[in-house]
Amino acid sequence: MNLFSFLNLIPSSCPICQGKSHKGFFCSHCTQTLLDQHIQHPRCSFCHAYLIRQRCPNCSQRLTQIKQLYHLFDYIPPWSYLIWQFKNQQATHLAQAFAQFAWEKQEAHLFTLPQDAVLIPIPTNPRSLYKRGYNPAQVFAQNLSKKFQLPLATGYLKRIGNQKKSSLKKSERFTKDKSQYYCDAWVPHPTVILVDDIYTTGKTLHLASRALQSSGVQTIYGLVIARSQF
């Protein structure tokens with residue numbers, strides 16, 4: 001028996017319900033609950049926000065270079081607690097469970113990641129990186145790279161400025177920090193998947209994708225762990 005097979009036999013707890021699982025992944029019940037959550041409500045075909053009216057309040061007035069956005073689950077309890085642990089409690093092991101669930105979601109035909117793309121994580125705020133010691137988006141992207149066998153590129157997209165997105169009102173997120181992201185070299189990858197932890201208004205992916213397109217990227221997708229419902 002090889003090491004991988006042996007690790008599969010070691011029991012562990014589901015990060016959500018603490019029931020029986022393996023390798024720290026979501027249990028089968030929680031996995032199915034999350035998959036069902038994706039199709040239970042009318043959603044915007046692009047950003048996956050719940051639709052109360054026919055037009056999405058987030059996308060109807062926004063222009064973005066992102067071709068398609070993918071998300072794993074909604075930023076609501078109890079799933080939002082996992083994000084809090086992942087970002088603030090050094091629970092980097094959860095990235096493996098997130099990547100596994102991304103695989104489960106693709107297997108359920110709820111999205112398909114392009115196989116000719118490279119993964120580029122959103123650079124984190126310098127103060128947050130100093131305080132936390134890691135970039136959650138990059139840790140998630142590293143695990144996605146292993147699970148989906150997609151290359152990871154971390155040296156192209158750069159960030160300037162120290163203001164955190166969470167300190168801005170939602171109405172300000174598209175009007176401030178217009179030069180927050182940039183590329184200081186030509187990006188030799190025509191297709192990119194931008195990876196982040198939470199999608200709220202889309203400002204982060206919008207500005208990052210604009211920087212990538214100005215540096216040669218032709219097609220950009222977005223993949224986030226959670227989609228906030230405003």
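Which residues touch the most other members of the largest nonpolar core? Phe26, Leu72 and Phe98 do, in a core of 40 residues.

1. Basis. This is a predicted model, where local features need pLDDT of at least 70, side-chain atom pairs count only at pLDDT 80 or more, and totals for chains, interfaces and linings use all residues. Residues are numbered from 1 along each chain as its sequence is written, and side-chain values use heavy atoms, with hydrogens and water left out.

2. A nonpolar core here is a set of buried Ala, Val, Leu, Ile, Met, Phe, Trp, Tyr and Cys residues joined through side-chain atoms within 4.5 Å. Buried means under 20% relative accessible area; exposed is over 50%, partly exposed in between (1.4 Å probe, protein chains only). Two or more residues each come from α2 (28–39), β3, α3 (79–88), α4 (94–107), α6 (136–148), β7 and β8 (219–227). Helices (H or I, at least four residues) and strands (E, at least two) are DSSP runs, numbered from the N terminus. α4 gives the largest share, seven residues.

3. Phe98. Leaving aside residues up to four places away in sequence, Phe98 touches Phe26, Leu72, Phe73, Leu82, Ile83, Phe86, Phe140 and Ile225. Contact means heavy atoms within 4.5 Å.

4. Sheet. Four strands make an open, parallel sheet, in the order β3-β8-β7-β4. Two strands count as paired if DSSP finds at least two bridges between them. β3 (66–74) and β4 (118–121) are the edges; each has a single partner strand, so one side of each lacks a neighbour in the sheet. Neighbouring strands are turned by 25 degrees against each other on average, direction ignored. Axes are lines fitted to C-alpha atoms, for helices over the stretch in contact; angles run from 0 to 180 degrees between N-to-C directions.

5. β7. Four parallel bridges link β7 (191–199) to β4. Leu119 has Ile193 as its bridge partner, and Pro121 stands opposite Val195. On the β8 side there are eight bridges, again parallel. There, Leu194 partners Gly222.

6. Crossover. From β7 the chain passes through α7 (203–213) to β8, a right-handed β-α-β crossover. Right-handed means that, with the strands pointing away from the viewer, the path from the first strand over the helix to the second runs clockwise.
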